[in-house]
Amino acid sequence: SLSVAAKMKEITAVATARRVKEEADKERKQAREQELREQRARQQHEQQKAEADAARAKEEQAAAAKAQVLNDPLLRGLHQRAKKNGYMADFMGVKRGACSKCKHCDVYLWRPVKLSS
């Protein structure tokens, strides 16, 4: 009966050790998954912040370009006329909509300069 009791203790000890090991593995796995979730959240936050900064910089650049146009009296008049008509003709008489040079102006502004030909 002594050997049966010893075997039972051994079986119980093995089962307990296995259970403890499984619990520790489960805890490690959960901690690893939590760390990965936090890392993904940080990366997503950084990406959103970078996108917001880029959009803000683009808006500031567009505002600076528009301010530069509106500060020049000749260009201000041209801009107002182009906005009213919805277009401006270039030096060849072709109607143009949006500016293709800077991508910030809402209308094309041809600066009337003497052409050398």
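**Reading the model**

Tutor: The accessible surface of the chain comes to about 10,100 Å², and carbon and sulfur atoms hold 54% of this surface; such areas come from the Shrake-Rupley method with a 1.4 Å probe, and for residues only the protein chains shown count as cover. This is a predicted model, in which local features need pLDDT of at least 70, side-chain atom pairs count only at pLDDT 80 or more, and totals for chains, interfaces and linings use all residues. Residues are numbered from 1 along each chain as its sequence is written, and side-chain values use heavy atoms, with hydrogens and water left out.

Student: Which pattern does the chain follow along the sequence?

Tutor: Helices (H or I, at least four residues) and strands (E, at least two) are DSSP runs, numbered from the N terminus. Here the pattern reads α-α-β-β, with 2 helices and 2 strands.

Student: How many salt bridges are there?

Tutor: Side chains of opposite charge can pair when their charged atoms come close. A salt bridge is a side-chain nitrogen of Lys or Arg within 4 Å of a carboxyl oxygen of Asp or Glu. The count here is 4. Among them, Asp25 pairs with Lys21 at 3.9 Å, N to O, and with Arg28 at 2.8 Å. Another joins Arg56 to Asp53 at 2.9 Å; these two residues lie in helix 1, 3 residues apart, about one turn of the helix. Shared partners join Lys21, Asp25 and Arg28 into one network.
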